[in-house]
Amino acid sequence: MAKARIDRETCIGCGACWALCPDFFEQNSDDGKSQVVEKYRVGGNLAEGEIPAELLNDVKSAADGCPVQAITVEE
Ligand code: SF4
């Protein structure tokens with residue numbers, strides 16, 4: 001299954017990823033940066049998730065649209 005990683009150090013909390021793909025990304029309420037929604041996290045890691053097939057295109061678009069290239073998708 002494809003995986004996504006968010007470099008939360010690099011993320012500037014612009015909101016583009018969760019606007020585009022709210023089923024996978026959301027805003028962390030403490031630091032305002034992006035995190036993976038709980039159901040798709042790998043080992044409870046906020047910054048890493050398994051991407052369900054139906055969300056793959058949207059997650060890739062979010063990665064392409066991130067202004068600081070903080071999202072990496074591995075297929
Ligand atoms: S699009 Fe990039 S910079 Fe913006 S909130 Fe998402 S990961 Fe952070």
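Two strands count as paired if DSSP finds at least two bridges between them. Keep that in mind for the views below, which come from a predicted model.

**View 1. Strands β4 and β5 side by side.** Here β4 meets strand β5, residues 45-50, and the two run antiparallel with 2 bridges between them. Look for Arg41: its opposite number in β5 is Gly49.

View 2. Step back and you'll find 4 strands in an open sheet, lined up as β4-β5-β1-β6 and paired in the antiparallel sense. The edges belong to β4 (41-42) and β6 (71-74); each has a single partner strand, so one side of each has no neighbour in the sheet.

**View 3. A helix resting on the sheet.** Helix α2, which covers residues 56-65, packs on the sheet. Its touching points are β1 (3-6) and β6, and the helix direction makes an angle of about 140° with that of β6.

View 4. Follow the chain through the loop between α2 and β6 and you'll come to Gln69. Its phi is positive, about 50°, even though Gln69 isn't a glycine. Is Gln69 buried or exposed? It has 10 C-beta neighbours inside 10 Å, and 12 or fewer counts as exposed, so Gln69 is exposed.

How values were computed:
Residues are numbered from 1 along each chain as its sequence is written. This is a predicted model: local features need pLDDT of at least 70, side-chain atom pairs count only at pLDDT 80 or more; totals for chains, interfaces and linings use all residues. Two residues are in contact if their C-beta atoms, placed from the backbone, lie within 7 Å. Axes are lines fitted to C-alpha atoms, for helices over the stretch in contact, and angles run from 0 to 180 degrees between N-to-C directions. A residue is buried if 20 or more other C-beta atoms lie within 10 Å of its own, exposed if 12 or fewer, and partly exposed in between; C-beta atoms are placed from the backbone.
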